[in-house]
Every structure is written in C-alpha cells, then in structure tokens.
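Here's a quick briefing to read with the model open in your viewer.

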Amino acid sequence: MFIVILGAVLALMHVYLWKRLVKDTTRPGRTRWMLTTALLGLAGLLVAALFLPRAFGPADAGWYAWPGYVWFGVAAYLLLTLLALEPVRLVLRRWARRAPQPWQPDESTELSRRLFLARASAAAAGAASVGLVGFGTATALGPPDVLRVPVRLRNLDPAFRGFRIAVVSDIHLGPLLGRTHTERIVGLINEASPDMVAIVGDVIDGTVAELGSAAAPLRDLAAREGAFFVTGNHEYFVGDTDEWLREMERWGIQPLRNENTLIRRGAAVFNLAGVNDLAGKRDSDGPDFDRALSGISADGPTVLLAHQPVQVEEAAARGVDLQLSGHTHGGQMWPFHYLVRTAQPSLAGLSRVDDTQLYVTRGAGFWGPPVRVGAPPDITVLSLEGVKS
C-alpha cells in the first residue's frame, strides 16, 4: 500500500512539473519533446533510487542513487515553489489576456505573454530550488554539529553529576553514505570523551554483507561505560535484524531489546533501558515497555532509549525520567517538518511530556534526498545534573 501511495504521489508531482515547466514554457515541437524526455529520465532515476537498492543491494547503486535522490530534492522544492507562485500567476493572467495594441497581432501577443509568464515562473522556481538544494546538500554532507545539552534528573546521585551521554541516531548507511561517514561520526564522538554512547536506531539501510564494512568503525567507539543500541524502523527493513544485532555485539555495542541494565558509579546507580522500534511489530519484535522496565532500581532515575519520539507516551505512563530518541531528522527539509510534526510530539531538542523529559536528536545522516534545510545533522552530548532542592 505504501508503495502504491508513493508511486501515485510521485506520478502526480511529475505530471504537474511537466505542465508548468515543459508544456507551458514551450510550443509544440522538438524542444518540448526533448524536455519531456529529460523529465521522464529524471523520474526514472528517482524510481530506481527508491526501489532498486532494496532489490539489488546498495553497494553499486551510487551511480543512479545520487542523481535520483538529488532530483527528488530539486523536484520537491520545484513543486513547492511553483505552487507558491500560482496566486501570482492567476493575477497576471489578466495582463496576458489584455487587449493588444493596434500594431500587435491578437494571438501572437497573448501567446508571447503567456510564454513569458510561464518561463519567468519556471526560471524563478528553478533558481530557488537549485539554490535551496545546493545549500541543503552542503549542510547534509558536512560534519554534524556536536551539541552539548545539560539535563537535570530527579533522584540522580551526585556521583553521576556531569555524566556525559553521547546520543547519535539516523546514521543511514546505504547507497549514499558509507564508511567515511561512519569514521567521521566515531571521531566526533570520541573527541567529546563521553562516559556512554547511546545509538538510537536507523544505522543501516542494507544487510551485514552489504554494509558491514561501512558500519565497522563503530567498534572504535570509546566510552567508559560502553555503547548501547536500540533498533530503529530501518533495522526492520533489511531482512535479518538479528544478524545486525549480533554484529553490534561483536563490535562491543550492547543492544537493549526490551531490557534494561544498571549503570554504576561506586554504590550509585541509574537505570538504562531500551525498547524495540514500533516497526518490529510486524516481525513479532515490537516494543515491550513492561519487559524493558521490569526490575528497575528505585535508587536512581531511568533513562530510556527509544527510536521514535512518539513512544514517550508509554514511557511517561511508566514514570521514565528521560527518553532519548531520533527518527525525525529534525524534519530534514523545511517546510516538510510540519508533516513530521503531525506524527511526532517533538522534532528536535529537549521537551517534556508529563514528568518525563524527551530529548530528540536530529540525526547524523539523512534519508532520501541528500539535503537538509533548516535541520542540520547533529550528535548530542547530554550532561546529567541533579535537580536542585
């Protein structure tokens, strides 16, 4: 069903772009056919980028995935810009239909004006879209921001004051991002000298055979209390989730599959728990909060790793003190963050649901278009502090 809906949306988008960028800007003839063929070719690259890596693997997909996904970003902003220009176009249609001067032929004058308006709109939309995608691509491919955020927790023992948790999510290794991307992320995390690393899902978009080498630098993460991992929705799209979890363990990263562990500083403790992503339900491997929080200690606060921010509702109902999430990419491409915000309680940063604090990282990678507008990538280092009495 998702594929059918996506296919219909993409088809309608390209029909509209053809109408405004090709049909309205050209007269019938060779130029129109050439532009139509070019648009169909770009649409074909987009379809290939979306679906072929899943069928044939991401290893050799870069040559068509890069232009396909870049066109996805350009097409999305062309659509938005042209729609925004529609009111202006409607107003100016009266000018295009205005009676010509006596020395001007009726039909040629109106046609010339309509072509001028269409071409001016297409040029403005093209310039705006290319500019936004160029800026967004530079942002997406640049180094993630390293954010430092203090978080105050109830019942935190003074021994944990200043305890640093590096939070990273949505690395999205696949046809566009590989081993160099992982190495940069690991380097930034290690430079921050965290006490613990929390990887909150969506690391990969392929199998261990396809992307194991790209993800392998994660074994070099250095933190006194170790690194922990929970699944995101993309971990359930790759076929064998268990294979990736075993690989994580082999690299010294502990998966938390609806379970918890104690983080200790002498006699002081806090609970670290993790739940599976909602996408695991289709494989009978979904989140189980009761199991994940079973037997937690009352002597310290509880920090929960959960990929999707929307899971905070169940966390709050069970008295979790802090939930760490990703998934949203901060919206990734303005103004599409408005759509994401309808499905999630928070896009990025620190917020609160009842007595539970929620921190959402914008993620260190991207999915789909290699574009980030208004949502730069980040790695966050949380510094735990006690609540002042």
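Two strands count as paired if DSSP finds at least two bridges between them. With that in hand, Arg 264 stands opposite Val 269 in E7. Keep in mind that this is a predicted model.

**The sheet from E6 to E10**

- Arg 264 and Val 269 face each other where E6 and E7 run antiparallel, joined by seven bridges.
- E6 and E7 belong to an open sheet of six strands, ordered E6-E7-E8-E9-E11-E10, and the pairing in it is mixed.
- Strand E6 (259–265) and E10 sit at the edges with a single partner strand each, so one side of each has no neighbour in the sheet.
- On average, neighbouring strands here are turned by 25° against each other, direction ignored.
- At the other end of the order, strand E10 (residues 349–353) pairs with strand E11 (residues 356–360) in the antiparallel sense, over five bridges.
- Val 353 is the residue opposite Thr 356 in E11.
- E10 and E11 make a hairpin with two residues between them, and Asp 354 in the turn has a positive phi of about 55°.

**The sheet from E1 to E5**

- Another open sheet has six strands in the order E1-E12-E2-E3-E4-E5, again with mixed pairing.
- Its edge strands are E1 and strand E5 (253–255), and each of them pairs on one side only.
- Neighbouring strands in this sheet are turned by 25° against each other on average, direction ignored.
- Inside the order, strand E3 (residues 196–199) and strand E4 (residues 227–229) pair in the parallel sense over three bridges.
- Look for Val 197 in that pairing: Val 197 stands opposite Ala 227 in E4.
- Strands of a sheet can pair in either sense, parallel or antiparallel, through backbone hydrogen bonds.

**Helices H6 and H7**

- Helix H7 (residues 241–250) lies across E4 and E5, and runs at about 140° to E5.
- How do the axes of helix H6 (residues 208–215) and H7 cross? They come within 11 Å and cross at roughly 25°.
- Since angles under 35 degrees count as roughly parallel, that makes H6 roughly parallel to H7.
- The handedness of the H6 and H7 crossing is right-handed.
- On the H6 side, the contacts come from Val 208, Leu 211, Gly 212 and Ala 215, which meet Glu 243, Trp 244 and Glu 247 in H7.
- Which residues of H6 are buried? Val 208, Leu 211, Gly 212, Ala 214 and Ala 215 are.
- The buried residues of H6 pack against helix H5 (179–191) as well as H7.

**Aromatic rings**

- Rings count as a pair if their centres lie within 6.5 Å, and by this rule the count comes to seven aromatic pairs.
- One of them is Phe 163 with Phe 270, an edge-to-face pair at 5.4 Å centre to centre and 80° between the planes.
- That pair links distant parts of the chain, 107 residues apart: Phe 163 is in the loop between strand E1 (145–153) and strand E2 (164–168), while Phe 270 is in strand E7 (residues 268–274).
- Are Phe 163 and Phe 270 buried or exposed? Both are buried.

- As background, most residues other than glycine have a negative phi, and most peptide bonds are trans.
- Asp 202 isn't a glycine, yet has a positive phi of about 55°.
- Find Asp 202 in the loop between E3 and H6, where it is buried with a relative accessible area of 2%.
- Asn 258 likewise has a positive phi of about 55° without being a glycine.
- Asn 258 sits in the loop between E5 and E6, and counts as buried at 3% relative accessibility.
- The peptide bond from Trp 334 to Pro 335 is cis, with omega near 5°.
- Pro 335 itself is in the loop between strand E9 (322–325) and helix H10 (337–343).

Notes: Residues are numbered from 1 along each chain as its sequence is written. This is a predicted model: local features need pLDDT of at least 70, side-chain atom pairs count only at pLDDT 80 or more; totals for chains, interfaces and linings use all residues. Side-chain values use heavy atoms; hydrogens and water are left out. Rings of Phe, Tyr and Trp (its six-membered ring) pair if their centres lie within 6.5 Å; planes under 30 degrees apart count as stacked, over 60 as edge-to-face and the rest as tilted. Helices (H or I, at least four residues) and strands (E, at least two) are DSSP runs, numbered from the N terminus. Buried means under 20% relative accessible area, exposed over 50%, partly exposed in between (1.4 Å probe, protein chains only). Axes are lines fitted to C-alpha atoms, for helices over the stretch in contact, and angles run from 0 to 180 degrees between N-to-C directions. Contact means heavy atoms within 4.5 Å. Angles under 35 degrees count as roughly parallel, over 145 as roughly antiparallel, 65 to 115 as roughly perpendicular and the rest as oblique. A crossing is left-handed if the near helix is turned anticlockwise from the far one by less than a right angle, and right-handed if clockwise.
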